[in-house]
Amino acid sequence: MKKIITIVLLVVFLLMFASCRKETVFQARNLQPQTNMFLPGWSGDDSYLEQLIAQMTLVEKIGQMTQAERSDIKAGDISRYALGSVLSGGGSAPARNTPEGWYRMVNGFINESMQTRLRIPVIYGIDAVHGHNNALNAVIFPHNVGLGAIAAGDLEKGRQAAYAACYITAQEMIATGIRMTFAPVLGVPDDIRWGRAYECYGENVEIISMMGECAVRGLQDGGVSACIKHFIGEGQTLNGRNQGNAYLDRAGIERLLPPYRAAIDAGAMAVMISFSSVNGIKMHEHKELITGLLKEEMGFKGMVLSDWDAVRQVSGGTYKNQIANAVNAGIDMVMATNGRDSWESFIRLLTELVEEGTVPMPRIDDAVLRILRFKQSAGILDTPSLNGHGSIGAEGNRSKAREIASDSLVLLRNENNVIDKLRSYKNILVAGQGANDIGMQCGGWTITWQGLHGASTEGTTILKGIQEAVKGNANVTYSEEGRADGKFDAVIAVIGEDPYAETEGDRENNINIRGKDMDMLRDVYSYGCPVIVIMLSGRPMTIGNEYENWDAFIAAWLPGTEGGCVADVLFGSRDFTGRTPYTWRKSIDGEILYPFAFGLSKYKNQYGLIVM
């Protein structure tokens, strides 16, 4: 009898263990907010936090204000300096870029923080901006420009997409133990030459507000704290220069505030400040806008975070003076990166500034209170580390990402209804580097900061999706250069931008088609058959009158790892529902080719009439 009972108990234990280890898969149709144990929200009662601050030494307070890059610290630093946060910069990953590798690293930092005198947990942050994009083989979603294309066509579908993409991102982050992402971007780009235009939802403030709110809710319902960015004016800089200067009067600033208000109302308790300047003053020392507008006028109670080593860009001449200017302006936590000396010097110099009275102690206490509020809202004061359950790259998550990516595609041209005829063609040439390049589909902020060409992570290329869709019904030939023997019924040519991020993506003049893509197009025009052009880009590119050579033109933006989405619309039953989130001009300041929210259906002609 005892033996039977032992066997039964063992079976029950194994079943319970298996249920705890099952994959975290997003249910595609369940988009309602989820109850979770990680984000109870800030209670509004600071009494416990104030008691905690009263026990803290100056070393412990300044430690909480310090955020260091993972590669710049070693064992013992967190406990010695009571560091408040650790982050991964773009592309910064543990030696073993696996969920287990991430989990062990992150929880190693957390466990060390729990050995400090007051046991205040460290929080780990990362730029998970379109999926858990530093983690190898995670699901990568369309960049925000693609999500904005969904919303420009259907507001409710856009809301659902933003929520779902961020919820899945959060779940895959949770599987690696990470609880904070520097997302979403809430900028309003006025110039698409800006290298961060694809990180934004488009040019329409109302859509940005709605999508940002849904993104915050999705992340936080999924168990991850959002850090909205970058406050404020980054999309208004002269000539679209990243980290440049924006000239804004009060009305100009008011135009940009709704997305931040909506995200804060949705529960965001962290705001990252912009690298850029407003009216000649670096935002990181703009006390009028950080303390006066954000904290006092808008009533923001959470943590204000600096960008990557951005304090060194403010005025003052020396790092010590720059720290004083930034902290006194209202920066609460400083991303002291670009080497170990950066954060060690920050701690030493800020200590001197407080002891000298240059930075008042009430400013330090306010910063620490805001940081602790953020940690309380993230749930880490009560639950410092997670159980490590779940996985990344689950098939259900990929399926949802593919559905979202297909909804982001915008049909801009469809002469003679060629798209609807594709399924009848028997010989198809697929051409262009982008057709067989996961990295080009994903763009920047994917595995590395700037992104990569080639098979940088797991996914389905556009070519693979087409091959699978027509298998048994048509012959598909692939040539990157567009040169192949034979006669073809149609050519699908994939062109676009090389991956880039931030300043590397700034353009001085037009955003031209790459030379190698133009060479390929000239070759495929010679086949004398319909040419369908698919563009992979983070913004409208300069195409002048070249589009007149294209029978069909599809803006695919940066769809992420699930490139099979293109075949689902070209050869499947799904229709084009996306609309362009940016006004598309023939040249940067030229004639409008496609107005904001323009897009066609494959079952309609250019005039919106049903094709029978």
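Let's start at N338, which sits in the loop between β12 (334-335) and α13 (340-356). Helices and strands here are DSSP runs numbered from the N terminus, with at least four residues of H or I for a helix and at least two of E for a strand. N338 has a positive phi of about 70° although it is not a glycine. Is N338 buried or exposed? With a relative accessible area of 53%, N338 counts as exposed. The cut-offs are under 20% relative accessible area for buried and over 50% for exposed, with partly exposed in between, using a 1.4 Å probe and protein chains only.

Before I go on, a word on what you are looking at. This is a predicted model, where local features need pLDDT of at least 70 and side-chain atom pairs count only at pLDDT 80 or more, while totals for chains, interfaces and linings use all residues. Residues are numbered from 1 along each chain as its sequence is written, and side-chain values use heavy atoms, with hydrogens and water left out.

Now compare N338 with another asparagine. N417 also has a positive phi, about 55°, without being a glycine. N417 is in the loop between β13 and α16 (418-421). This one is buried, with a relative accessible area of 12%.

V334 counts as buried, at 1% relative accessibility. Leaving aside neighbours within four places in sequence, V334 is in contact with M65, T66, Q67, S306, V311 and F346; contact means heavy atoms within 4.5 Å. As for V59, it is 275 residues from V334 along the chain, and their C-alpha atoms are separated by 15 Å.

F346 brings us to the core. The largest nonpolar core has 125 residues, and those with the most contacts inside it are I228, F231, I232, I323, F346 and L350. By nonpolar core I mean a set of buried Ala, Val, Leu, Ile, Met, Phe, Trp, Tyr and Cys residues joined through side-chain atoms within 4.5 Å. There is a second, separate core of 44 residues, which includes V129, A197, Y500 and F553. As a general point, nonpolar side chains tend to be buried together in soluble globular proteins.

Let's zoom in around I228. Not counting residues up to four places away in sequence, I228 touches a list of residues including A183, P184, L186, Y260 and M272. How accessible is C227? C227 is buried, with a relative accessible area of 0%. Its contacts, again leaving out residues up to four places away, include M180, F182, A183, P184, A270 and L305.

The bond from K229 to H230 is cis, with omega near -5°, and H230 is in strand β6. The bond from F231 to I232 is cis as well, with omega near -5°, and I232 is in the loop between β6 and β7 (245-246).

For a contrast, go to R255 in helix α9 (residues 250-256). R255 is partly exposed, with a relative accessible area of 36%. R255 touches V188, D190, V205 and Q236, not counting residues up to four places away in sequence.

Another helix to look at is α6. Nine of the 10 residues of α6 (residues 144-153) are buried, so this helix is largely enclosed by the rest of the structure. Which elements do those buried residues pack against? They pack against α7 (155-174), α8 (205-221), α15 (395-408), β13 (410-414) and β18 (552-557).

Finally, the whole protein. The secondary structure comes to 20 helices and 20 strands, and 63% of the 612 residues count as buried. Among contacts between residues at least 6 apart in sequence, 78% join residues at least 24 apart. The C-alpha trace spans about 80 × 80 × 40 Å along its principal axes. A compact globule of 612 residues would have a radius of gyration near 25 Å, and the protein agrees, because it has 25 Å. That radius is taken over C-alpha atoms, and the globule rule is 2.2 Å times the number of residues to the power 0.38.
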